[in-house]
Amino acid sequence: MSEQLTLAAETRGQVGKGASRSLRREGRVPAVIYGNKQDPASIHVEEKALMRALMTGHFMNSVVMIEIDGKAVRTLPKDVAFDVVTDRPVHADFLRISEHATVHVNVPVVFTDEELSKGIKRGGVLNIVRHELELICDAAEIPDEISISLKGTDVGDSIHISNVKLPKGVTSAIDDRDFTIATLVAPSALKSEAIEQAAEEAAEAEAASEEHAAEVEAAAEAAEGEASEG
């Protein structure tokens, strides 16, 4: 389960581009808390603290307790905007949730047991189609990651959502199709080997066909010769 994070925040007295630029110069990041049938709250958080939370690697699928004026607000991060030049955070959105709210989250996928995959041992390459899964779960039970075993997989195999055992109480947000998460494809060396083998088989088949045709022609000539002598 994802750990709970905490961010200290202060209420924004002013909003707008000018006020936001001023906050950023002071090392603060403007943010908004919305949802749960309450009015949006304009706040700002310390940039360094937000960056530390982002560096955990699971910020976007963690419950974040935002402390404002001594009160903690339970939230789920929904978006963080970054400056295109400096890559510094310039704004954040948080969704206000109750303790056991049902939430949609994107959870990273981790593949294990590569050493037990026949296809990878043969030189196959894992082609990851989805690095994250969109899941529905209780806000208090958000998984850190979804582990998928490659045991027994071979070149040409595909891993679909139906092959994945999700934690109890967790379901896929996409339920109208059995979508692909990853495939195990042949590397160029194996593809070249397969092409060469097919070419050799085709050449052998052509040679056998020509030999058979020659035998038929020789038999026909022999039969014709016997008929002439008769």
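Biologist: How many salt bridges does the count come to?

Modeller: Four salt bridges. Keep in mind that this is a predicted model.

Biologist: Which residue forms a salt bridge with E47?

Modeller: R88 does. The closest N and O atoms of E47 and R88 are 2.7 Å apart.

Biologist: Where do E47 and R88 sit in the chain?

Modeller: E47 is in helix 2. R88 is in the loop between strand 5 (71-82) and strand 6. The two are 41 residues apart, so this pair links distant parts of the chain.

Biologist: Is E47 buried or exposed?

Modeller: E47 is buried, with a relative accessible area of 12%. The cut-off for buried is under 20%. R88 is partly exposed, at 40%.

Biologist: What else does E47 touch?

Modeller: Leaving out residues up to four places away in sequence, E47 touches G27, R28, V29, R88 and P89.

Biologist: And R122, which residue does its side chain meet in a salt bridge?

Modeller: D154, at 3.1 Å from N to O. R122 lies in the loop between helix 3 (118-121) and strand 8 (125-128). D154 lies in the loop between strand 10 and strand 11 (158-160). The pair therefore ties together parts that are 32 residues apart in sequence.

Biologist: How do R122 and D154 count, buried or partly exposed?

Modeller: R122 counts as partly exposed, at 44% relative accessibility. D154 is buried, with a relative accessible area of 18%.

Biologist: What does R177 pair with?

Modeller: R177 forms a salt bridge with D176. Their closest N and O atoms are 3.1 Å apart. R177 is partly exposed at 45%, and D176 is exposed at 60%.

Biologist: Which residues do salt bridges with shared partners join into one network?

Modeller: K118, R122 and D154.

Biologist: New topic, aromatics. How many aromatic pairs does the count come to?

Modeller: One aromatic pair. The rings belong to F59 and F94. Their centres are 6.3 Å apart and their planes are at 85 degrees, so the pair is edge-to-face.

Biologist: Why edge-to-face?

Modeller: Because planes over 60 degrees apart count as edge-to-face, and these rings are at 85 degrees.

Biologist: Which parts of the chain does the pair tie together?

Modeller: F59 lies in the loop between helix 2 (47-54) and strand 4 (64-68). F94 is in strand 6 (residues 89-96). So the pair ties together parts that are 35 residues apart in sequence.

Biologist: How accessible are F59 and F94?

Modeller: F59 counts as buried at 2% relative accessibility. F94 is buried too, with a relative accessible area of 1%.

Biologist: What is the bridge partner of I33 in strand 6?

Modeller: F94. Four bridges join strand 2 to strand 6, and the two run parallel.

Biologist: How many of the residues of strand 2 are buried?

Modeller: Seven of the eight, in residues 28-35. Strand 2 is therefore largely enclosed by the rest of the structure.

Biologist: What about strand 2 and strand 3, parallel or antiparallel?

Modeller: Antiparallel, with seven bridges joining them. Strand 3 covers residues 38-46. There, H44 is the bridge partner of P30.

Biologist: How many residues lie between the strands of that hairpin?

Modeller: Two. In this hairpin, N36 takes a positive phi near 60 degrees.

Biologist: Let's move to strand 10. Which residues are on its covered face?

Modeller: I146 and I148. S147 and S149 make up the uncovered face.

Biologist: How many bridges join strand 7 to strand 10?

Modeller: Four, and the strands run parallel. Strand 7 spans residues 102-112. V109 has I146 as its bridge partner in strand 10.

Biologist: Where is I181 found?

Modeller: In strand 13 (residues 180-185). I181 is buried, at 0% relative accessible area.

Biologist: Which residues is I181 in contact with?

Modeller: Leaving aside neighbours within four places in sequence, the contacts of I181 include F111, I148, I161 and V164. L133 is another one of them. The C-alpha atoms of I181 and L133 are separated by 8.5 Å, and the residues are 48 apart along the chain.

Biologist: R130 is also a contact of I181. Which ring does R130 lie over?

Modeller: R130 lies over the face of F179, at 4.4 Å from the ring centre.

Terms used. Residues numbered from 1 in each chain as written. Predicted model: local features only at pLDDT ≥ 70, side-chain atom pairs only at ≥ 80, totals over all residues. Heavy atoms only, no water. Buried < 20%, exposed > 50% of the residue type's maximum accessible area, 1.4 Å probe, protein only. Contact = heavy atoms within 4.5 Å. Phe/Tyr/Trp six-rings, centres within 6.5 Å; stacked < 30°, edge-to-face > 60°. Lys NZ or Arg CZ within 6 Å of the ring centre and 35° of its normal. Pairing = 2+ DSSP bridges.
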